[in-house]
Each structure stands twice: as structure tokens, then as C-alpha cells.
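Could you walk me through this structure step by step? I am new to it and would like to know where to look.

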Amino acid sequence: MSNSSSFFSVRDIHAYYGESYIVQGVSFDIEEGEILALLGRNGAGKTSTLRALARVDTPHLSHGEIHLEGQPIHEMKSYQAAQAGIQLVPEDRRIIGGLTVEENLILAQVEEPIGWSIEKIYDHFPRLGERRNQDGITMSGGEQQMLAVARALARDVKLLILDEPYEGLAPVIVHEIERILMEIRKLGITTIIVEQNAVAALQLADKALILDMGKIAFRGTAKEVLEDKELRHEYLAI
Ligand SMILES: Nc1ncnc2c1ncn2[C@@H]1O[C@H](COP(=O)(O)OP(=O)(O)OP(=O)(O)O)[C@@H](O)[C@H]1O
Ligand SMILES: [Mg+2]
């Protein structure tokens, strides 16, 4: 059961697209600095859960409580959840075309509270520094993913939420993003990662949650999932 004194607590959330009932009573807790891998088959409701947590308009959150350091996120709109420190990096990355890499980062800092400085971002993402004057939308898929993560860090992030950060990327680029996420882990940023590449996500994560048809089918440590062949077979097809 969730405990609202946790750093991030999700208690019995339910969410709908119109009449379509998708997130069906999800509860979990994350402590500060932990990384949670949220896994499950296609259509299990992973993206919908992330969107509900970030208070994106759809799916509509009909019931449940979400607290970040005691702040009632379930009562907020998405921009308020972002101000409270929840930064969702969506699957499609949403890099703004016509703006350079640096302008994309500066735009993230227009609103208070701001997070990492541009210089700190370039220290951790040297490739973004090299390409600071390039139009963001002309960057490669991997570079755009780096920019999307960097943009989340440019805000005051307390909970970083990544939806399929490795999607469509070549293995060598996946390794580069993994390296960055390992660095972020060392800095103690609390993270939720959804990834089809379950092994990669589990290697990064402390805890794991498996969703099936909008409900939690398993909760435990990342290590337990890596070591449980049947569980991986049943829900992750690996
Ligand atoms: N905008 C929408 N309107 C109606 N139904 C939706 C919408 N978005 C998603 N769904 C449905 O909600 C269910 C869960 O979808 P969701 O995208 O959350 O799954 P997922 O676990 O992220 O899957 P994947 O691994 O393919 O990304 C699916 O049945 C999907 O068809
Ligand atoms: Mg998804």
C-alpha cells in the first residue's frame, strides 16, 4: 500500500480516455533518488499512467491521489505539476523546430523555478554543447533524445519521467543515453523509466513495476525481475 509520507506516492489512480477505462487502480511509492522501471506489454497502460502522473489532460484522472513531497499533484493541471517538479519526457520528444539547441534549453528556463544552468547541461551532454547553434529538429534521433532529457533538467526537476528514451535508436546511441542516465542516477534524481528494452531499464533501475491491462501485475526489485525467467516470459516477452 502507498504511504503518502514517501517522496512520491501514487495511491489508487484510475484514468479514462472518454468512456475507455485504462488505468485501473495503480498504487506505488518511490523514495528520493530511486529509479523505478515501469514495464509491461504493448497497450498495458504505461504511457497512460505516465500521462496521468504528469497531469496531462488525457487520460482523465477520475480517482486517486498523487503526492510529491507532500504536494497534492492530483489537484493540479499539467503546468502546475511541472512547476512542482514533475518533468515528463514524452516518447515523441517534442523538440521545437526553428529554434537552436540552446534556444530550446533557454525556452525551458523561461518559467521559474529553473534547474540546471546551460553550462552544466553542456558539461554532462557535450554533444549538445558542440551543436548548440544547430536547429533542434535537424538533430539525429539520439541527439534529440538527449536534448529532451536536458530540457527536463533545465527545469527544476524532482521527478524525471522518461517514456521509451531508447526507442528507435541505434545500440551505440542507446549506450550514450544510458551513460547519461547513469550519471543522472549518481546525482540522485528520482526517475521513472518506461522502456520496451526491459533489460536496459532494469539494469538502471532499483525497483520494478509490471503493468498488465491497466493493473499492477508485479512489484518488486529490478533484480527480482531480471532473475525471474517466468515473470519476464509472461509479461515482457524476454
Ligand atoms: N488517446 C487515446 N484514446 C483512447 N484510447 C487510448 C488513447 N491512448 C491510448 N489508448 C489506449 O489505452 C491503452 C493503453 O495504452 P498506452 O499507450 O498507455 O499503453 P503502453 O503500455 O504505453 O503501450 P506501448 O508499449 O505500445 O507504448 C491501449 O489500449 C490504447 O489503445
Ligand atoms: Mg507507451
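Helices and strands are DSSP runs, of at least four residues (H or I) for a helix and at least two (E) for a strand, numbered from the N terminus. Please keep in mind that this is a predicted model.

Let us begin with the ligand. Around ligand 1 sit Y17, S20, I22, G40, N42, G43, A44, G45, K46, T47, S48 and T58. Two elements, β2 (20-30) and α1 (46-53), each supply at least two residues of this shell. The largest share, three residues, comes from α1. Sorted by class, the shell has eight polar residues, three nonpolar ones and one charged one.

Now step back to the sheet. Six strands form an open sheet in the order β6-β7-β8-β3-β9-β10, and their pairing is mixed. At the edges stand β6 (86-89) and β10 (215-221); each has a single partner strand, so one side of each is left without a neighbour in the sheet. On average, neighbouring strands of this sheet are turned by 15° against each other, direction ignored. Helix α10 (residues 229-236) packs on the sheet, where α10 touches β3, β9 and β10. The direction of α10 makes about 150° with that of β10.

What joins β3 to its partners? Four bridges link β3 to β8 (residues 190-194), and these two strands run parallel; here A37 stands opposite I193. Another four bridges link β3 to β9 (residues 207-212), again in parallel, and L39 has I210 in β9 as its bridge partner.

Moving along the sheet, we reach β7, which runs parallel to β8 and is joined to β8 by five bridges. Another is L159, which lies in strand β7 (residues 159-163). Why does L159 count as buried? A residue is buried if 20 or more other C-beta atoms lie within 10 Å of its own, and L159 counts as buried because it has 25 C-beta neighbours inside 10 Å. Leaving aside neighbours within four places in sequence, L159 is in contact with F8, L68, G85, I86, T190 and I192. The chain also brings together L159 and F7, which are 152 residues apart in sequence and 9.5 Å apart in space, C-alpha to C-alpha.

Note on methods:
Residues numbered from 1 in each chain as written. Chains lettered and ligands numbered in written order. Predicted model: local features only at pLDDT ≥ 70, side-chain atom pairs only at ≥ 80, totals over all residues. Near = placed C-beta within 6 Å. Nonpolar A, V, L, I, M, F, W, Y, C, P; charged D, E, K, R; others polar. Pairing = 2+ DSSP bridges. Buried ≥ 20, exposed ≤ 12 C-beta atoms within 10 Å, placed from the backbone. Contact = placed C-beta atoms within 7 Å. Axes fitted to C-alpha atoms, helices over the stretch in contact; angles between N-to-C directions.
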